[in-house]
Amino acid sequence: METVVIDHPLVSHKLTALRDVRTDSPTFRRLADELVTLLAYEATRDVRVDEVTVQTPLAPAPGVRLAKPVPLVVPILRAGLGMLEGMTRLIPTSEVGFIGMVRDERTLTVTTYANRLPDDLTGRQCYVLDPMLATGGTLATALRLLLDRGASHATALCLLAAPEGLAALRERLGEHAARVRIVTAAVDERLNESGFIMPGLGDAGDRLYGTV
Ligand SMILES: O=P(O)(O)OC[C@H]1O[C@H](OP(=O)(O)OP(=O)(O)O)[C@H](O)[C@@H]1O
Ligand SMILES: O=c1cc[nH]c(=O)[nH]1
Ligand SMILES: [Mg+2]
C-alpha cells in the first residue's frame, strides 16, 4: 500500500484553515471542495487513457482521452459527500457509486447502511472519497467491497490520516494492499482515546453539515 502525502503550500494553507475551530460550515465545505481538487491532481496520476489524434485548426495533434470503462468515484457517506463535487468536476464522465458507513462512537466498529455499487468491477479503477482515515476501519471495509468485486486498483483520497490507521489498514487489506494507494493532505500525530485524529479537525461530518 503506497501512501502519498501531498506536500504543497496551497494544500497546507487550506488544510490549516479547515482545522481552525472558527471555520464555519459553508467555509469548511468550500475548503474541502478546493482541497479535493488539489489531491485529485496527484490521485489520478495513474488514470488510464487511450492515445488519440485530434485535428487542430492547423494540423493533426497526438493526445489522450480517458479510457473506457471510466473510473468509478465512490464517496463514503456522509462526510465523503463533501468531496464528491470537487472530484467529478475534474472527471465529469466518471461513474459514481455510493457507500454509507457509520462508526459507533463508543466501540469504533463500522456499520454499512448503504451500498450502491456496480456488481461487477472487473478491471475498474476506483477513487474512494473519505476525509478522515482514523482507525482505518471504515476504509478497510469500503476498499474490500470494491476489491472483492474485481476492482483493479483503488485510490483513497483523504484530507487527514492517522499513523495507527494507515498501519491497521495495510494489515487488514493483506494481499489486496498492493492494489491500494492512499493520497492524503497530511498524516497527523496520533489517535486519541476516543479514536479521533490529533490534532485533526474534529468530526468532519458534523463540521461539513453543521450538526453540532
Ligand atoms: O477510520 P475510522 O476510525 O473508521 O473513522 C473514519 C470515519 O469516521 C467518519 O465517519 P462517521 O462514522 O463519523 O460518519 P459520517 O461521515 O456520517 O459523519 C469519517 O468520515 C470516516 O468515514
Ligand atoms: O478525527 C476524526 C475521526 C473520525 N472521524 C472524524 O470525523 N474525525
Ligand atoms: Mg462523523
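Begin the tour at ligand 2: the shell around this ligand has five nonpolar residues, two polar residues and one charged residue. Please note that the model on the screen is predicted.

**Stop 1: the shell of ligand 2.** Select Met132, Ala134, Phe196, Ile197, Gly200, Asp203, Ala204 and Gly205, which are the residues around ligand 2.

**Stop 2: helix α4.** Next, select residues 137–148, which form helix α4 and number twelve. From its first C-alpha to its last, α4 reaches 16 Å, close to the 16 Å expected at 1.5 Å a residue. A residue counts as buried here if 20 or more other C-beta atoms lie within 10 Å of its own. To display the buried residues of α4, select Gly137, Thr138, Leu139, Ala140, Ala142, Leu143, Leu145, Leu146 and Leu147.

**Stop 3: after the helix.** Move on to Gly150, which follows α4. The phi of Gly150 is positive, near 105°.

Stop 4: Now select residues 5–211, which an unreviewed UniProt entry annotates as "domain: Phosphoribosyltransferase". Over this range the chain is 32% helix and 29% strand.

**Stop 5: confidence.** Finally, colour the protein chain by pLDDT. The mean pLDDT of the chain is 97, and 100% of its residues reach 70 or more. For the complex, the predictor gives an ipTM of 0.98 and a pTM of 0.97.

Technical notes: Residues are numbered from 1 along each chain as its sequence is written. Chains are lettered from A and ligands numbered from 1 in the order in which they are written. This is a predicted model: local features need pLDDT of at least 70, side-chain atom pairs count only at pLDDT 80 or more; totals for chains, interfaces and linings use all residues. Helices (H or I, at least four residues) and strands (E, at least two) are DSSP runs, numbered from the N terminus. The expected span of a helix is 1.5 Å times one less than its number of residues. A residue is buried if 20 or more other C-beta atoms lie within 10 Å of its own, exposed if 12 or fewer, and partly exposed in between; C-beta atoms are placed from the backbone. A residue is near a molecule or strand if its C-beta atom, placed from the backbone, lies within 6 Å of it. Ala, Val, Leu, Ile, Met, Phe, Trp, Tyr, Cys and Pro count as nonpolar, Asp, Glu, Lys and Arg as charged, and the others, Gly among them, as polar. UniProt positions are given in the numbering used here, feature names are shortened, and annotations may be inferred rather than shown by experiment. pLDDT is the predictor's confidence in each residue, from 0 to 100.
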